[in-house]
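Here is a short briefing to read alongside the sequence and the model. Please keep both open as you go.

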Amino acid sequence: MSLSTASYLARRAAQKERVRILYRRALKDTLNWAVHRHLFYNDADALREKFEANRNVEDIELIDRMIAAGEASYNKWRHPDPYIGAIGVLFVLTIIFFEQFHGLLEAPNFAEIQHHHPGLRLYTITAGKTMPNVGSSSLEINKD
């Protein structure tokens with residue numbers, strides 16, 4: 001295998017990786033614009049068609065220009081306020097905290113919670129045993 005063939009294959013592999021990353025980022029960002037799944041599916045299909053239309057392009061320079069144009073378009077149209085779906089997890093942890101405080105629940109198994117939500121940053125929350133009202137409770141938050 002000559003050096004030019006090896007460099008050609010390496011460049012094509014790098015281009016394929018850039019296209020894959022661009023497609024995944026654009027697909028995830030499409031979900032920010034259309035949070036409901038029935039709207040998302042149509043947008044995802046349109047995005048896939050844009051990528052599939054250029055699947056058989058072989059000119060390396062043209063592919064580089066198309067990737068650069070796609071990345072510029074993605075950066076221009078990226079959602080300014082992305083959807084974050086971790087609010088439900090915060091709600092569950094709040095319920096666990098108050099149930100534990102009032103003696104309704106044993107200490108939560110944070111290892112199990114971390115197993116089901118691997119990207120979640122967990123904090124150990126302890127409270128004083130007296131809680132006359134919410135404003136006068138003492139909370140201590142320790143980052144694990």
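**Overview**

The accessible surface of the protein chain is about 11,200 Å², by the Shrake-Rupley method with a 1.4 Å probe, and carbon and sulfur atoms account for 59% of that surface. This is a predicted model, where local features need pLDDT of at least 70 and side-chain atom pairs count only at pLDDT 80 or more, while totals for chains, interfaces and linings use all residues. Residues are numbered from 1 along each chain as its sequence is written, and side-chain values use heavy atoms, leaving out hydrogens and water.

**Fold**

- The protein chain has 5 helices and 2 strands, taken as DSSP runs (helices H or I, at least four residues; strands E, at least two) numbered from the N terminus.
- Read from the N terminus, the order of elements is α-α-α-α-α-β-β.
- Of the 144 residues in the protein chain, 18% count as buried (under 20% relative accessible area, 1.4 Å probe, protein chains only).
- Contacts are heavy atoms within 4.5 Å; among those between residues at least 6 apart in sequence, 52% join residues at least 24 apart.

**A look at Q15**

- Q15 sits in helix α1 (residues 3-33).
- Q15 counts as buried because its relative accessibility is 3%.
- Leaving aside residues up to four places away in sequence, Q15 touches I60, I63, D64 and I67.

Definitions and conventions
Buried < 20%, exposed > 50% of the residue type's maximum accessible area, 1.4 Å probe, protein only.
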